There are 2 protein chains.
Amino acid sequence: MLASVVVSRALDRDLQRQAGLTLAEHHLLAIVNESDPQGIRPTDLQLLSTLTKSGLTRAVDRLEALGLIASRVCPTDGRGQLLVLTAKGRQKLRRAAPEFFRSVARYFADHLTDRDTETLTVALERVASADRA
Amino acid sequence: MLASVVVSRALDRDLQRQAGLTLAEHHLLAIVNESDPQGIRPTDLQLLSTLTKSGLTRAVDRLEALGLIASRVCPTDGRGQLLVLTAKGRQKLRRAAPEFFRSVARYFADHLTDRDTETLTVALERVASADRA
DNA sequence: ACTAGTTGATTGTATCAGCAACTAAAACCG
DNA sequence: CGGTTTTAGTTGCTGATACAATCAACTAGT
């Protein structure tokens, strides 16, 4: 817990200074970026994020207000949306990347051996998906 | 990050239902409980907690209002305080313990092998203490 | 089609947390 | 000592988040 708080606070601070984004917001952009180019449904995004449903709604609103993501009504389900990055959003993400990766290395990855990383990845994946299933 | 959020949300939910305590509050009580019986200084408590200075002040206020911890002026430093658990605080902690440990097992520990646990403990300790040093 | 129930997403409200500015006590130092 | 700097802790303010209730759209069973 301490480790995750220390790391996420450091990343959050760096991102805010560098790109004006919260870690959570940056994470959302990153997930959207890596998902289906057609767009991702908020529900799916929520499962991959650290936010709850309502938290996600608000965060998406902010990102939309910043012009970083765009939404359109899902053609196959009138209740839902499809979220995609705007050009500006992709740019923001791309520009933030180098320093972000440096921060991740500095606060987290550099402190782990390759074996540590392997173990963490597998074990924490198991923990994270346990009660989401 | 996802793992830590999933676990801490689950623990938080269980603790609030069971004992009316936030995970952060429970954590503070646990730290105070394990520290010097003479009391612990807020600054030291802060280093072991996931809160910042101001967050700690508020959390301590709440716990004091609940009668779970008590503070007195530090005899060797007029600016500081010494925090101790009250009898009520110790009782609260003791009563919450069995179910809390079950929750920890269920959401976290049970998903790890002994080797995982060993690796996590060592590696994350390193991460957590990196920029606190 | 019509109703019942479910699911996707939003909103009202309350709380918690953090930053930055502040107060007060202690340590430092010429 | 007297003045400056550092450290301990608090507070005003703001923003983010969660929970619970709500609204809207889909699905199914009749």
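Q: Where does B:Cys74 lie in chain B?
A: In this predicted model, B:Cys74 lies in the loop between strand E1 (69-73) and strand E2 (81-85) of chain B, where strands are DSSP runs of at least two residues (E), numbered from the N terminus.

Q: Is B:Cys74 buried or exposed?
A: B:Cys74 counts as buried because its relative accessibility is 6%, buried meaning under 20% relative accessible area with a 1.4 Å probe and protein chains only.

Q: Which residues does B:Cys74 touch?
A: Leaving aside residues up to four places away in sequence, B:Cys74 touches B:Arg41, B:Gly80, B:Gln81 and B:Leu82, contact meaning heavy atoms within 4.5 Å. B:Arg41 is 33 residues from B:Cys74 in sequence, and their C-alpha atoms are 8.2 Å apart.

Q: Switching topic, how many residues are in contact between chain B and chain A?
A: On chain B there are 33 residues in contact with 33 residues of chain A.

Q: And which residues of chain B lose the most area to chain A?
A: Those are B:Met1, B:Leu2 and B:Val127, together giving 20% of what that side buries, where buried area is the accessible area (1.4 Å probe) that two parts lose on being put together, summed over both.

Q: How many salt bridges are there between chain B and chain A?
A: The count is two, a salt bridge being a side-chain nitrogen of Lys or Arg within 4 Å of a carboxyl oxygen of Asp or Glu. A:Asp116 forms one with B:Arg126, with the closest N and O atoms 2.7 Å apart.

Notes:
Residues numbered from 1 in each chain as written. Chains lettered and ligands numbered in written order. Predicted model: local features only at pLDDT ≥ 70, side-chain atom pairs only at ≥ 80, totals over all residues. Heavy atoms only, no water. Helix = DSSP H or I, 4+ residues; strand = E, 2+ residues; numbered from the N terminus. Buried < 20%, exposed > 50% of the residue type's maximum accessible area, 1.4 Å probe, protein only.
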